[in-house]
Amino acid sequence: MSEQHIKLPEGSIEKTTTTLNLGPTHPATHGVFQNILELDGERIVSTEQTVGYIHRAFEKLAERRPLFQITPITDRLNYCSSPLNNMGWHMTCEKLLGIKTPKRVDYLRVIIMELARISDHLICNSIVGVDAGAYTGFLYVMQYRELIYEIYEEICGSRLTTNIGRIGGFERNFNDIAFQKLEKFLKEYPGVLKEFENLFQRNRIFMDRTKLTGAISAERALNYGFTGPNLRAAGVDYDVRVHSPYSSYEDFQFNIPVGTTGDNYDRWMVRSREMWESLSILEQAWHKIQDFEGAEADVFHADVPEYFLPEKKDVYTKMEALIWHFKIIMGETKIPAGEVYHSIEAANGELGYYLISDGGRTPYRLHFRRPCFIYYQAYEELTKGGMLSDAIMTMSSLNLIAGELDA
Amino acid sequence: MGLTNEHIKQRLTEKFGDQLINFEEPYGMLTFEAPRELNLKVLNFLYDDEELKFRFMTDLCAVHYPDNKGKELAVVYHLHNLVDNCRIRFKVFAPVEQPDVYTATGLFSAANWMERETYDFYGVNFVGHPNLKRILNVEEMDYFPLRKEFPLEDQSRVDKDDEMFGRG
């Protein structure tokens with residue numbers, strides 16, 4: 001009998017804590033995350049995060065690809081808001097190549113970026129709700145994420161991994177359906193967002209679950225390299241759109257919402273307020289777009305034939321377009337040597353691109369500053385001493401996206 | 001505002017003399033090189049100085065220059081002064097045979113995983129790091145994949161049966 005007993009590892013009888021493997025494929029982690037938790041009852045004694053399950057060596061891949069082929073790689077970083085990553089990458093290239101984009105392109109980009117921000121925040125906030133047991137909000141807002149995806153579809157043809165735009169602008173002008181859908185979104189979404197907020201904002205259960213859980217002080221958040229809504233929830237008003245404006249963000253009026261305690265509730269509230277600000281930016285951008293007249297109203301890319309891939313039908317019918325197309329694809333255009341760091345305010349923080357070019361066809365080195373890789377290291381500090389159920393909420397309210405984390 | 005690149009450069013040269021070299025401003029960001037023994041001293045000075053206050057670590061990564069004998073690996077720090085909204089970049093170089101660089105984890109908690117990532121891909125040995133092990137790659141890996149001696153697969157190779165993946 002005793003021979004067949006399961007042999008326990010030495011010391012495991014005396015051990016007073018429980019080890020729990022949360023993930024890598026657990027329904028509550030929303031992505032491939034593994035956390036090895038040491039639990040005393042339901043309290044967390046220590047956490048060890050294991051990352052890298054979907055590492056795809058993007059930085060290495062990028063070293064063999066010409067600039068325009070790296071855009072699809074950036075899609076797969078934060079796939080809840082791929083257009084933001086695409087735009088950030090285009091702007092990095094434009095900074096390196098010294099391209100100045102026309103105002104209309106900037107405003108069109110702002111529209112795309114703010115739509116992406118709304119769709120990202122929507123997912124994050126509704127997932128926090130799901131983890132607190134409120135599924136309704138999540139299902140309800142999906143309709144409007146769908147509407148945003150339909151707008152992407154009108155512009156670039158795809159929905160999730162968008163590969164939207166090109167170096168110098170967009171591949172084509174926005175069509176009327178895209179603008180009609182944008183108008184529909186601007187008309188209907190405020191009511192929906194209000195209703196969505198009503199489900200959570202003053203909900204007793206939701207507040208009790210989120211208040212003072214997963215909190216971090218402003219000082220620690222800065223030391224941990226937090227950026228984006230997570231930093232702002234701790235009370236630091238750092239926003240790349242304001243600190244180093246890109247894509248003509250200086251032409252827009254908007255507020256930066258900040259929290260005080262940096263807990264899950266504040267993070268939720270900051271995201272929620274940011275969606276209102278994004279809506280206001282969208283309204284302003286849409287008005288600005290309508291103000292363009294004559295030939296200016298049709299501009300959708302900068303006049304840089306040596307870097308902007310021409311339209312395919314021009315390649316078949318026009319000599320110059322054919323020449324430039326050939327040169328760009330074969331890597332015959334001149335890329336200046338230099339190093340450039342450009343960052344944008346992505347949906348979950350400062351997304352930076354550090355690009356070193358040696359003048360060759362492909363980058364010599366490309367490094368992505370991925371916001372969630374940097375702030376995920378604070379997870380242990382955020383959850384230590386708390387309950388297991390709060391740790392789940394903390395994880396979703398940090399807005400961790402596995403694709404971005406692992407690059 | 002008021003913190004200009006010239007001023008930062010002047011403060012740094014007052015403190016470190018001619019040990020800091022190659023001051024440049026590519027695309028507006030002040031960039032310089034420091035000897036690798038001095039990286040912590042420079043970081044500390046930039047952090048503590050009443051005027052400079054570079055207290056936010058934006059990014060840390062490495063670059064491999066195989067032809068740069070004796071200085072093959074560069075560790076690049078991006079720092080940010082959030083009060084004056086000023087960014088700065090500095091590099092330290094280390095030989096690939098013995099790439100020892102002091103860790104910045106004592107100053108910035110954010111450096112922990114960034115240094116682990118840098119170690120993982122370039123093998124830079126961050127001296128004093130509390131938990132220097134691989135982070136994105138498997139622990140059994142015995143090489144540093146982002147170094148230049150590891151090329152990507154040749155796209156024109158024909159010995160591979162890839163028909164199911166559109167490359168036949």
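Predicted model: local features only at pLDDT ≥ 70, side-chain atom pairs only at ≥ 80, totals over all residues.
Asp251(A) lies in the loop between H10 and helix H11 (264-291) of chain A, and Lys103(A) lies in helix H4 (residues 103-131) of chain A, so the pair ties together parts that are 148 residues apart in sequence. Asp251(A) counts as partly exposed, because its relative accessibility is 26%. Lys103(A) is partly exposed too, at a relative accessible area of 35%.

Over all chains, the structure holds 32 salt bridges.

Elsewhere, salt bridges that share partners join Glu114(A), Arg117(A), Arg232(A), Asp239(A), Arg241(A), Glu274(A) and Glu345(A) into one network.

### The loop at Gly235(A)

Gly235(A) sits in the loop between helix H9 (228-233) and helix H10 (240-243) of chain A. Its relative accessibility is 39%, so Gly235(A) counts as partly exposed. Once neighbours within four places in sequence are left aside, Gly235(A) is in contact with Val258(A) and Gly259(A). The C-alpha atoms of Gly235(A) and Val258(A) are 5.3 Å apart, while the two residues are 23 residues apart in sequence.

### The two domains of chain A

Chain A is divided into domain 1, residues 2-50, and domain 2, residues 66-406. Taken over C-alpha atoms, the centres of the two domains are separated by 36 Å. Contact between them involves 18 residues of domain 1 of chain A and 20 residues of domain 2 of chain A.

The size of an interface is often given as the accessible area lost when the parts come together. Domain 1 of chain A and domain 2 of chain A bury about 1,600 Å² between them, and 63% of this lies on carbon and sulfur atoms. On the domain 1 side, Phe33(A), Ile44(A) and Gln49(A) lose the most area to domain 2 of chain A, together 35% of what that side buries.

How many salt bridges cross the interface of domain 1 and domain 2 of chain A? The count is 0. Polar contacts are found there, in 9 residue pairs with both residues at pLDDT 80 or more. Strand E1 (18-22), strand E2 (34-40) and strand E3 (43-50) of chain A each supply at least two residues of the domain 1 side that touches domain 2. E3(A) gives the most to that side, with 6 residues. By type, the residues of the domain 1 side divide into 9 nonpolar, 7 polar and 2 charged.

### The interface of chain A and chain B

The contact between the chains takes 41 residues from chain A and 47 residues from chain B. Chain A and chain B bury about 3,700 Å² between them, with 55% of it on carbon and sulfur atoms.

Between chain A and chain B the salt-bridge count is 6. Strand E4 (residues 338-346) of chain A gives the most to the side of chain A that touches chain B, with 4 residues. That side of chain A divides into 17 nonpolar, 11 polar and 13 charged residues.

### Chain B

Chain B has 3 helices and 7 strands. From the N terminus on, the elements of chain B run α-β-β-α-β-β-β-β-α-β. Along the principal axes, the C-alpha atoms of chain B fill a box of roughly 60 × 35 × 30 Å. Of the 168 residues in chain B, 52% are buried. Among contacts in chain B between residues at least 6 apart in sequence, 51% join residues at least 24 apart.

Definitions and conventions
Residues numbered from 1 in each chain as written. Chains lettered and ligands numbered in written order. Heavy atoms only, no water. Domains from an automatic or database assignment. Contact = heavy atoms within 4.5 Å. Buried area = accessible area lost by both parts, 1.4 Å probe. Salt bridge = Lys/Arg side-chain N within 4 Å of Asp/Glu carboxyl O. Polar contact = N/O pair within 3.5 Å; in protein donor to acceptor, adjacent residues only side chain to side chain. Nonpolar A, V, L, I, M, F, W, Y, C, P; charged D, E, K, R; others polar. Buried < 20%, exposed > 50% of the residue type's maximum accessible area, 1.4 Å probe, protein only.
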